[in-house]
Amino acid sequence: MPNENPSPPSPLSHKERGGTIANSLSHKERGGTIANSLSHMRRGRTRWGVHLALIVVCGLICIPALYALQLATLTFDAAFRSPPQLFPPGNDLVENVSALFTRLQFGNLMLNTTIVALVVVVGKTALSLLAGLAFVYFQFPGKTFLFFVVLLTLLMPTEIILLPLFRMMSELEWGSLNPRLALTVPFLASATGVFLFRQHFANIPRELAEAAQLDGATPLRFLSNVLIPMSWNVIGAQALIQFIATWNAYLWPVLIVQDASQYVIQQGVRSASSSGGQTDFGLLMAAGIIASLPPLLLFILLQRQFMNGFALTRDK
Amino acid sequence: MEDSPRFERLWTRTVLVGVVVLSAYLLITEWDGFVRLAAWFWAGLSAAPQSLSNIAAYYAALPFAQLLPSLIIGALVGIGMTWRTIYHTAQPRPILTLLGGGLVGAFSAQILSATIQHCTYLPEVAAAETIGGWVITALSAMMFLVPYWAYLKRAPVSQAGYFRQRGLAYAFLAPTLVSLFVFLYYPSVQTILLSLNARRFPIRTEKFVCLGNYVSLAEDAIYQSSFVTTVLITLAIVTLSLAIALGVAVLASQKVRGASIYRTFLIWPFALSPVVTGVIFLALFRDGQAGLINYVLTSGFGAEVSWLRTPDLARWVIVIASVWNILGFNILFYVAGLQGVPPELLEAAAIDGANKPQRFFSITFPLLSPYTFFLLITNVTYSFYGIYGVVDALTSGGPPVGPAGIYGGATNVLIFKLYEDAFTPGAPIGSAAAQAIILFICIAGLTLFQFRFVESRVTYAE
Amino acid sequence: MKFSRLFLVFAALCAFAIAPLHAQEPVTISMVHIFGAENDDRGGLIQAVADEFMLANPGIAIELSSPSTDYIELFNGALLAADQGQAPTIIQVEEGLTQLAVDSGFFVPIGDIANQEQLASLDDLLPVVREYYSIGGTLYSVPFNASNPLMFYNKGMFTAAGIDPETPPTTFEEVLAACAAIMAAPEPPSACMNFPITAWFPEQWIAMQNGLIADNDNGRTARATAVNFDSPEMARIGEWYKAMDDAGYLTYSGTPNDYQGEGISFLSKTTAITINSTAGVSLFQRFSKIQSVDLGIAPLPTPGADAVNGVTVGGASLWVTAGNTPEQTQAAVDFIFFLTNTEHDMAWHQGTGYIPTRISSIDALTASGWFDENPGFAIAVAQLQASAGNVANAGAIMGPSAEVRGVLVEALQSIIDGGETPADALAAAKSRADAILADYNSVVGE
């Protein structure tokens, strides 16, 4: 899962060229659909070739996961065998999964991770919205400088500051007493988000803001009543990537969280890998699969929103 | 809006309530943590005057001969940049602007130079370090010069559409700025400071070595090979994942029944963490019958391949695992991008007699360039940083190359070596900090390069 | 005056109230160890001893935890916690990290905080074990779990190859001969032998030949400044690896230090012989029954009939961190000596397979016939007792031991996988290790 830096395509210069993505890409307004344009190829044949190709590719992509699923159905002893039983699937998937939830406290870990991910997502979105609002709808001295300051952090991933950040957590005693804060507060600002929302807001016609000003609306009201409703797709897309990135975070939690009851889910997967001094591959695969379910579900649910959020921005 | 306004308002309201509840919950349960944070802030702020006087004392004690070169270099860079700006855009009072540029440059150059304690300007320092010092000073000068340049180039803007309450803008920006400063800039400075020392975790004593860590790294055969390995693996991952993703995205954008289901099955691996990916591929590529691939090979062809013990093969396993992990992400964006290609353009080209490949390369591909550009950056970032989990699970730095691994590990990518040098007991964390800074410079350089040269080639639809 | 009488009464009442409160407040100490995995009963054994101790000492509360099952992660985590001022009172530290622990300044030598009686009881420790954890005459930590490598073999495959399953090979040469026979048998396994590629085994084989790993008496009289990877003793070991690999007798999982994977391979009948730790004896015995493997256990093969100096010790010891209150320190020391006293030492051995660290434990177990009934457990004990007890057996200590061991492992890998000659590989390893030592020593400043 890639780092959430930098921002997805929100082209800088199209505005200078006098266009908006919406104008240029809203083929719907031009009365066409991809289906129509490609209809000349369809001509009443079912596209077996395409189906076959898709199935083959899907199969290739899914083989590793299928193997993992198969291993997850085996007990420690059965997965022990070399080679492990390939077919039929074993009967111990339920046992493995329930072991995850009882011995390894997966339910608790998922709750921890969900809370952490939610806080990070909400924090990043809120802070980025506010910053985007400030950069687009206000003129103030030092604006360019401050924007540059924020932009520069796009190039500074967390990995380079792990050691000093850890020292800071020690001074604050967050690692031992407030691991939840240690996992969330340092990551609340998002240069990607600021960039994204700035682009998005900049694409919205100025007349809306003028109208709001004439109506005497406060900036916050303008944000909540006008901007946010127009930005749900972008917010949703950004939130999905952030959620997945936080859910999959491993290195920082391992460094900072000492209390096993406060672990995040990836740490749980790691602890499933060393069970009794032997690697229980069945349990480990089950752990990996279970740990990956929530982001997968979220992705499936938000799939369409995600595509819309980055492909098209609607003009209002 | 396609959704009814009432539904949207309800949705907005629910989300806002949820946010408020979440914040309240966090505040209440972690109240003591916030108190300590405030205390820490307060302590930091109260220590600020002391830091300022420390800085003043430092400069007072600094021999002028050591300070002078940094001032000169900074001023020169500043004047050079300002001169260029004046040349291209008319400026009132050019002399004053030039002077300002020189001052800004000289001042800005002190930021990094003071951090390294002007150590590269000592006479007994090696040539490589001196040159490094010049580069650092020049870069440091640019830090404030770029905003200065932006300020010089500012164009008057109409006041329409801007809110009047300026103070609010600062208030809105404050949380982001404070957070970035405290949790990103400040630790980065500390990383730089750490990289100037030789230190072994967990021993507390340290030795100031100026740029010695950087010079040792440059001369270290293992670091060099790690660098080359990272570049090669990154190239492989990025080209493969982008090319395959584009092909699959085209396939997945065809109008067939169940296309969205196919898409889900194609895209989902990106939601897996690199650790889980690494573990799954370990189960596939292990030696002996325990690994699925070897089992198939043995049953089918009677031969077995030692994937993880052969340097080149191990690299390819890492590449395959990483491509598998990130492919879904690329496909997702390409599918989104393909949906935005206007069909009329394709139809017009078809009428003009262009065949499918020609249509693809002259119309579709350029229209996808914003996505390609974005994905390039993301994939490169993943190959540099995110790949750690994959390497850790699969090869732990890979089979050693050369006698006793004097050429490093075959899959010892930069980020893996960094963590090993940071978190092994007795490990040189000063060198690890230097590696982190070098990695940052590489990524920053690559990203800036991509922004300047690739983005200009990106076509945006008009 | 009335006032003063009232005040006296009040003070007395306060004293009355506070005193028992003070006495009731328990001294809390914490200990971290690596035995916390789900299927691992060894953590439970320690907890039982802790419960017993707390029963006997109501004023002391012991918190056991296992933040990691890996020695290095445990050490890292504990020291990071120490950085935060949250150091556990007792840390189980792997043997190789001894010098680093000393240099870190985080620990108090046991020799400085134990009382007379406890110090006297240290004479009961096996000399080899005690020597390992003493530097410059001071005992820094109390040995807890001592282990040795052992050879495990598949008796069924031996019989099929025509070798007497009760006389396993005892030297490198005999292993080569046995492997020749095994691989020539009608249905040979895919390889004759597998074992984890680790630095621990070469360290044993060097000790057996009365060789030194590092200069300055294995780093004990002064800081190690160079390693002896180019010694003839090490060359002999390298040559054997090469011979085994060239003949196709040796295989390994592909990952170094993979004790688990190699054990799995052996128990899946992929090979006929393996080397693993005595700490895994019970696990091997259990799984060999499940896998229908007729398990044989034998001492580690020596480099040759002349290599009789004996092994060094592996495992871990218990260290007390600095920065605790005197009560906590005292409680920690008391608990450590309680945990490693003769009675619990015996129980620990019987429950885990780790070697008893006390002579009195070994005597008692011999007298009770335990070793006769459980010959598998006796082998490691006999092997360790046979050590000559000189500086070669004391084992090498150096600050960057983790890194140096990694270099040796890479040398071995380059011999097996990379096709390098042992001379080249070990020479390259020496230059790398010497550079690491030089860098470390320059930082530490001595």
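Between chain A and chain B, the salt-bridge count comes out at zero. This is a predicted model, so that count, like the rest of what follows, is computed from predicted coordinates. What the A–B interface does have is polar contact: 13 residue pairs turn up across it, with both residues at pLDDT 80 or more. On the side of chain A that touches chain B, the residues split into 92 nonpolar, 25 polar and 13 charged. The contact draws on 130 residues from chain A and 128 residues from chain B. As for area, the two chains bury about 12,300 Å² between them, and 75% of that sits on carbon and sulfur atoms. So charged residues are there on the chain A side, 13 of them, yet the number of salt bridges to chain B is still zero, going by a cut-off of 4 Å between a Lys or Arg side-chain nitrogen and an Asp or Glu carboxyl oxygen.

Over in chain C, strand β11 (residues 273-277) is mostly covered, with five of its five residues buried. Two other strands of chain C pair with β11. One of them is β8 (residues 149-154), which runs antiparallel to β11 and is joined to it by five bridges; here C:M151 has C:I275 as its bridge partner.

In chain B, the peptide bond joining B:F201 and B:P202 is cis, with omega at about 5°. The proline, B:P202, sits in the loop between β1 (197-199) and β2 (206-208) of chain B.

One is B:Q117, where phi is about 55°. B:Q117 belongs to the loop between α4 (94-115) and α5 (127-152) of chain B, and its relative accessible area of 38% makes it partly exposed, because that class covers values between 20% and 50%. The other is C:N216, with phi near 55°. Rather than a loop, the setting for C:N216 is helix α11 (residues 215-219) of chain C. C:N216 also counts as partly exposed, at 29% relative accessibility.

Key. Residues are numbered from 1 along each chain as its sequence is written. Chains are lettered from A and ligands numbered from 1 in the order in which they are written. This is a predicted model: local features need pLDDT of at least 70, side-chain atom pairs count only at pLDDT 80 or more; totals for chains, interfaces and linings use all residues. Side-chain values use heavy atoms; hydrogens and water are left out. Buried means under 20% relative accessible area, exposed over 50%, partly exposed in between (1.4 Å probe, protein chains only). Helices (H or I, at least four residues) and strands (E, at least two) are DSSP runs, numbered from the N terminus. Two strands pair if DSSP finds at least two bridges between them. Contact means heavy atoms within 4.5 Å. Buried area is the accessible area (1.4 Å probe) that two parts lose on being put together, summed over both. A polar contact is a pair of N or O atoms within 3.5 Å; within protein, one must be able to donate a hydrogen and the other to accept it, and residues adjacent in sequence count only if both atoms are side-chain atoms. Ala, Val, Leu, Ile, Met, Phe, Trp, Tyr, Cys and Pro count as nonpolar, Asp, Glu, Lys and Arg as charged, and the others, Gly among them, as polar.
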